[in-house]
Amino acid sequence: EIPAYLMPGQAIGSIAVSLGYGRTHAGRVAERDSDGKGGGFDVYPLRTTDAMDVLPYVELARGRGRHELAVTQDHHAIHNAAQGRGQDQRLSAIYREGDLEEYREHPDFAERRSHHPPLVSLWRERDWKEARHRWAMTIDLAACTGCSACVVACQAENNSPVVGKAEVILGREMQWMRIDRYFRGDLERPRVGHQPITCHHCENAPCEQVCPVAATVHSEEGLNDMVYNRCVGTRYCLNNCPYKVRRFNYFNNQTGLPRLLEMKFNPDVTVRARGVMEKCTYCVQRIKAATIPAKNEGRPIEDGTIVPACAQTCPADAIVFGDLDDPNSRVSRLQEHPRAYSLLAELNVKPRTRFLAKLRNPHPGSSGDSGTGHGTGGGEHHHG
């Protein structure tokens, strides 16, 4: 007996199960507790040497009872100005995609998807011309496969705790990075899109405007920094972040661990205590490991020297990081690419992270490639 999760696009008459769960000697994280909860379900008894990956001619019957699944797809939803005009307009503004023919006719189709009046700030904006570096990131949606390797790498690099199923169900997951997932078209044969979302390090950061203790501040190089020993956990920054990428640390998840587990911590990253806000730092520890020696030695930093954990791990090379002050850097060229667009640009937050719109090249005879956006949560978009 295993729980079922209905998913758009699953082939009719087929079931997909995941191996590797239901272990009995896997420690405090993966092992099932005394009540039989957690750890997943062991489906290895279904696997035979006759067909290692497929089990044909099975019969499915509906079981009794209910099982609660810890799914993050409806957590931290992004809202935008198009939300009131219907789901299709909303998805088109957030996750922008087009086909090859449209791209050839209008290379800047991504920017055309969003229209807003001239943006004017309420205060004098900072002049970044004197900055030593201007760090930025681009994410190519055409390359991203939604594998979540970047999420795991970020968690390992930055000492993010595994909080457990009960806390995840309450919306208290601690990952600094997430993968938003979108379905569009026919529910039986939808188009699926994946969008990595992390802190955008906005130049006009809304989080900084509301923090009463200046715990989140801007660095000289454009990083939106967190000063943990100032943070008092008001969570104003969380409420004011349009990208919903900040996480509140509810518990001392990293205390009381066996000494062996303490060895997993990255010594270059602070282990946070309860009551503080956390978020992506662009792996500032890696940035400083390169910029401080370069400054002391009076030499420039070559493009590609600094690679955040997410970019290092991405198997599709969808994430690129670098210095906008270097016009020849990859990130500078990609941010000027015709497919580049800023998420929620109408808010005038000026994010340092930009996306390259998804490109599709469907076969003329294919179906299920049209229609409005659909999701599994009553019209909301979903995160993975």
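These legends accompany several close-up views of a predicted model.

View 1. Helices (H or I, at least four residues) and strands (E, at least two) are DSSP runs, numbered from the N terminus. Residues are numbered from 1 along each chain as its sequence is written. In this predicted model, local features need pLDDT of at least 70 and side-chain atom pairs count only at pLDDT 80 or more, while totals for chains, interfaces and linings use all residues; side-chain values use heavy atoms, with hydrogens and water left out. Of the 384 residues, 41% count as buried (under 20% relative accessible area; exposed is over 50%, partly exposed in between; 1.4 Å probe, protein chains only).

**View 2. An open sheet of 4 strands.** The strands follow the order S9-S2-S11-S10, and their pairing is mixed. Two strands count as paired if DSSP finds at least two bridges between them. Strand S9 (319-323) and strand S10 (340-341) are at the edges with a single partner strand each, so one side of each has no neighbour in the sheet.

**View 3. Strand S2 and its two kinds of pairing.** Strands of a sheet pair through backbone hydrogen bonds, either parallel or antiparallel. S2 (residues 135-140) runs parallel to S11 (residues 353-356), joined by 4 bridges, and here you can find Asp140 opposite Leu356. S2 and S9 run antiparallel, with 5 bridges between them; look for Met137, whose bridge partner in S9 is Phe321.

View 4. Because 5 of the 5 residues of S9 are buried, the strand is largely enclosed by the rest of the structure. Ile319, Phe321 and Asp323 point one way, whereas Val320 and Gly322 point the other way.

**View 5. A nonpolar patch on the surface.** Ile2, Ile15, Val17 and Leu60 make up this patch, with about 410 Å² of accessible area together (Shrake-Rupley method, 1.4 Å probe; for residues, only the protein chains shown count as cover). Patch residues have over 30% relative accessible area and no salt bridge; like charges are joined within 9 Å, nonpolar side chains (Val, Leu, Ile, Met, Phe, Trp, Tyr) within 5 Å. A salt bridge is a side-chain nitrogen of Lys or Arg within 4 Å of a carboxyl oxygen of Asp or Glu. Val17 lies in the segment before helix H1 (27-30) and counts as partly exposed at 42% relative accessibility.

**View 6. Residues 368-384, where pLDDT stays under 50.** pLDDT is the predictor's confidence in each residue, from 0 to 100. The chain averages 86, and 90% of the residues score at least 70. Where pLDDT is low, the predicted coordinates should not be read in detail.

Terms used. Contact means heavy atoms within 4.5 Å.
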